[in-house]
Amino acid sequence: MNTMPEDRKVILITGTSKGIGLYLAQHYISKGFQVIGCSRNSVDFSDSLYTHICADISEEQDILEIYKFIRKDIKRLDVLINNAAINPAIVSAALLPYETISQTFRTNVFAPMLFCREAVKLMTRNKFGRIINMGSMASKHEVPGEALYTSTKTALNAYSRVLAKEVAKAGITVNVIAPSAIKTELSGKINPMALQEVLSRNAIAEYGEMNDVSNIIDVLIKEESSAITGQIIYLGGV
Ligand SMILES: NC(=O)c1ccc[n+]([C@@H]2O[C@H](COP(=O)([O-])OP(=O)(O)OC[C@H]3O[C@@H](n4cnc5c(N)ncnc54)[C@H](OP(=O)(O)O)[C@@H]3O)[C@@H](O)[C@H]2O)c1
């Protein structure tokens, strides 16, 4: 039986086993949200406000199972944060294997699209929803060796802007948050010298902090932020 108070907001975050997603899960638990997180690996914490679902989001069936659980047991969804993504080896575009291209697009583009599709159905019922998709400064800087990751993030930008127009009347906003660089496993795979060179092109030529990301998401998911939609917000002065 679901004993959740009627007014407790429900937030679904992808990629909560580590990095920014783990931080965001704990941040929104501390703010009293009911948080549903997912990733292939489990998490090493538990909280009465947190449910973890082990799922591979590059598989549509796994995404559908998550929404089956939300519809049956939680019955509402207020916020979706499409955070999970991969950035495979930095490699020349001319050398990319098909399977790497396919897995990266399935994880970084197809999965967020499917999460959005299912979220919109639930959010429309309540005439309220906030969708945040994670972008990257890669879309602005177009760095050699990052063609695959960059094209997935740029596709997600375009998708988000169009979706924002389609769902505005249902009370749903869709925005992209594009951090510059934050210390995680994903950014740790990038050569530090190369990353520093890219960061030097920004107004703030340093790594950002996790709370830079949560600060802006806090604003965007407020009820009062109903007019902020279709925006791609770059952090760090990109
Ligand atoms: N860190 C940065 O500097 C930076 C900068 C700009 C944008 N971003 C964006 O911010 C987001 C988070 O990045 P991060 O640095 O926190 O990355 P991270 O530390 O590598 O974490 C990625 C998360 O995504 C999950 N994930 C990956 N593939 C998955 C799959 N197939 N199914 C389910 N979950 C999957 C991982 O969990 P499992 O491995 O357990 O599945 C993990 O929890 C990404 O969208 C990234 O592009 C990051």
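Two residues are taken to be in contact if their C-beta atoms, placed from the backbone, lie within 7 Å. Helices (H or I, at least four residues) and strands (E, at least two) are DSSP runs, numbered from the N terminus. The structure is a predicted model, in which local features need pLDDT of at least 70 and side-chain atom pairs count only at pLDDT 80 or more, while totals for chains, interfaces and linings use all residues. Residues are numbered from 1 along each chain as its sequence is written.

Seven strands form an open sheet in the order S3-S2-S1-S4-S5-S6-S7, and their pairing is parallel. Strand S3 (50-54) and strand S7 (232-234) are the edge strands, each pairing on one side only. From one strand to the next, the twist averages 15 degrees. Two strands pair if DSSP finds at least two bridges between them. Strand S1 (residues 10-14) and S4 are joined in the parallel sense by three bridges, and Leu-12 has Leu-80 in S4 as its bridge partner. On to S5: strand S4 (residues 79-82) runs parallel to S5, with four bridges between them, and here Leu-80 stands opposite Ile-131.

Strand S5 (residues 129-134) is mostly covered, with six of its six residues buried. A residue is buried if 20 or more other C-beta atoms lie within 10 Å of its own, exposed if 12 or fewer, and partly exposed in between, with C-beta atoms placed from the backbone. Both faces of S5 are covered: one side carries Gly-129, Ile-131 and Asn-133, the other Arg-130, Ile-132 and Met-134, and all are buried.

The helices come next. Axes are lines fitted to C-alpha atoms, for helices over the stretch in contact, and angles run from 0 to 180 degrees between N-to-C directions. Angles under 35 degrees count as roughly parallel, over 145 as roughly antiparallel, 65 to 115 as roughly perpendicular and the rest as oblique. The axes of helix H2 (residues 60-74) and helix H3 (residues 98-126) come within 10 Å and cross at roughly 25 degrees. That angle makes H2 roughly parallel to H3. In this contact, Glu-60, Ile-63, Tyr-67 and Ile-70 of H2 meet Ala-111, Leu-114, Phe-115, Glu-118 and Leu-122 of H3.

H3 also has helix H5 (residues 147-167) as a partner, with axes that come within 10 Å and cross at roughly 15 degrees. H3 and H5 are therefore roughly parallel to each other. Among the residues making this contact are Phe-105 and Met-113 of H3 and Leu-156 and Tyr-159 of H5. H5 also lies across S5, strand S6 (172-178) and S7, running at about 160 degrees to S6.

Finally, a few loop residues deserve a look. Most residues other than glycine have a negative phi. Lys-75, in the loop between H2 and S4, has a positive phi near 75 degrees. Lys-75 counts as exposed because it has 12 C-beta neighbours inside 10 Å. Glu-142, in the loop between helix H4 (138-141) and H5, has a positive phi near 45 degrees. With 11 other C-beta atoms within 10 Å, Glu-142 is exposed. Arg-201 sits in the loop between helix H7 (192-199) and helix H8 (210-220) and counts as partly exposed, with 14 C-beta neighbours inside 10 Å. Arg-201 and Val-238 are 37 residues apart in sequence, and 7.2 Å apart in space from C-alpha to C-alpha.
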